[in-house]
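Please open the model in your viewer and keep the selection tool at hand. The stops below go from one residue to its surroundings, and then to other places along the chain.

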Amino acid sequence: MPWNAVWRRPVPDPGTTKHWTFHACGLSDVADGDEWMSAWERQRISPMRYPKRRLESRLGRWTAKQTIGTALGLPVAEWATADPAALARISIENQPSGAPTALVDGHVAGVEISMTDRADWAVCVTTAPGARSHPIGCDLELVEPRSDRFVADWFTEVEQTAVGNDRTLRPNLIWSAKESALKVIRTGLRRDTRSVEIALSAETGDGWSAFVADIAPLGDGGDARAAHGWWRQFGAFVLTCATTHEIPPPAPLHDPSPLTSAAPSHRWLNDN
């Protein structure tokens, strides 16, 4: 696979005046009950047998509704406290590929979204209304130890060299960047992770650093592709966001982002 070892930094797309936003919520932020979910969402979640899946699905949709609703100018913060049932106007549904789609009052919201969760925290990234439409992807990972076998099994030789002896930040960062890039092309982990190669960039000085994902063509003879992304560490977490165009890093819905002080947990273990 062709790979440019020179560190690269995305530059703003001059044709784009608005970009993307991200927001994080913890499991404790999610309202009790199901009235805030649409009928589609309740039908999707109710058959889930495992507490972990139910909790993650609820958390992800709650976070997405806060993010998308705010981006669209809806009073979702007030709904969350005074009228949670109003949040059912926003429905987070899935395309055949599994990628999420946001509907408001039964109509496609007109923004691109990506969702991710880890350790009782979720992040949703959304494009701004009226922005040029680009596929996006995001992934949240814990900065936790990874084994030599993990690095050998899932990373290319170039990535293994970039990881070096680090078994905490870099393995999780590169893994997360791969997941974000695979969401951009709507395949997820159905594709071999070694068909995506991550090139990291130096920090920009504002906490975000860039990466480029070189995506090999499939056997159908299609062209190789690239995804451009940003990554940032938030305490025990690392967040990556990717898209098909070179644009500035995503802005937090609220500054500072709740992710800044997020503490990982695993409440589902207590619900089994």
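Select Thr116 together with the residues that it touches, which, leaving aside residues up to four places away in sequence, are Trp121, Ala122, Val123, Cys138, Asp139, Leu140 and Lys183; contact here means heavy atoms within 4.5 Å. This is a predicted model, in which local features need pLDDT of at least 70 and side-chain atom pairs count only at pLDDT 80 or more, while totals for chains, interfaces and linings use all residues. Residues are numbered from 1 along each chain as its sequence is written, and side-chain values use heavy atoms, with hydrogens and water left out.

Thr116 is found in strand S5, residues 113-118, where helices (H or I, at least four residues) and strands (E, at least two) are DSSP runs numbered from the N terminus. With a relative accessible area of 6%, Thr116 is buried; buried means under 20% relative accessible area, exposed over 50%, and partly exposed in between, with a 1.4 Å probe and protein chains only. Now display the side chain of Thr116, a polar atom of which lies 2.9 Å from the backbone nitrogen of Leu140.

Next, show the largest pocket, which holds about 1,100 Å³ of space. Its lining has 40 residues, and those closest to the centre are Gly98, Met115, Thr116, Asp117 and Lys183. A pocket is an open set of points on a 1 Å grid over the protein atoms alone, where a 1.4 Å probe fits and protein lies on both sides within 12 Å along at least five of seven lines; lining residues have an atom within 4 Å of a point. Colour helix H2 (51-71), S5, strand S7 (136-142) and helix H6 (169-184), each of which supplies at least two residues of the lining of the largest pocket; the largest share, 8 residues, comes from H2. By type, the lining of the largest pocket divides into 16 nonpolar, 10 polar and 14 charged residues.

Move on to the second largest pocket, with about 160 Å³ of space. Of the 13 residues that line the second largest pocket, Gln66, Val76, Ala77, Ala80 and His254 lie nearest its centre. Strand S1 (20-26), H2 and helix H3 (76-82) each give two or more residues to this lining, and H3 provides the largest share, 4 residues.

Return to the end of S5 and select Ala119 and then Asp120, which lie in the loop between S5 and strand S6 (121-127). Phi of Ala119 is near 55°, a positive value in a residue other than glycine, and Asp120, also not a glycine, has a positive phi of about 70°. Most residues other than glycine have a negative phi, and most peptide bonds are trans. Ala119 counts as buried at 7% relative accessibility, and Asp120 is buried with a relative accessible area of 13%.

For a cis peptide bond, select Asp255 and Pro256, which are joined by one with omega of about 5°; Pro256 lies in the segment after strand S12 (251-252).

Finally, go to Ser38, in the loop between S1 and helix H1 (39-45). Which residues does Ser38 touch, not counting those up to four places away in sequence? They are Lys65, Ala88 and Ser91. Ser38 is buried, with a relative accessible area of 8%, and its C-alpha atom is separated by 7.1 Å from that of Ile90, 52 residues apart along the chain.

Conventions
Polar contact = N/O pair within 3.5 Å; in protein donor to acceptor, adjacent residues only side chain to side chain. Points joined across faces, edges and corners; volume = space filled by probe spheres on them. Nonpolar A, V, L, I, M, F, W, Y, C, P; charged D, E, K, R; others polar.
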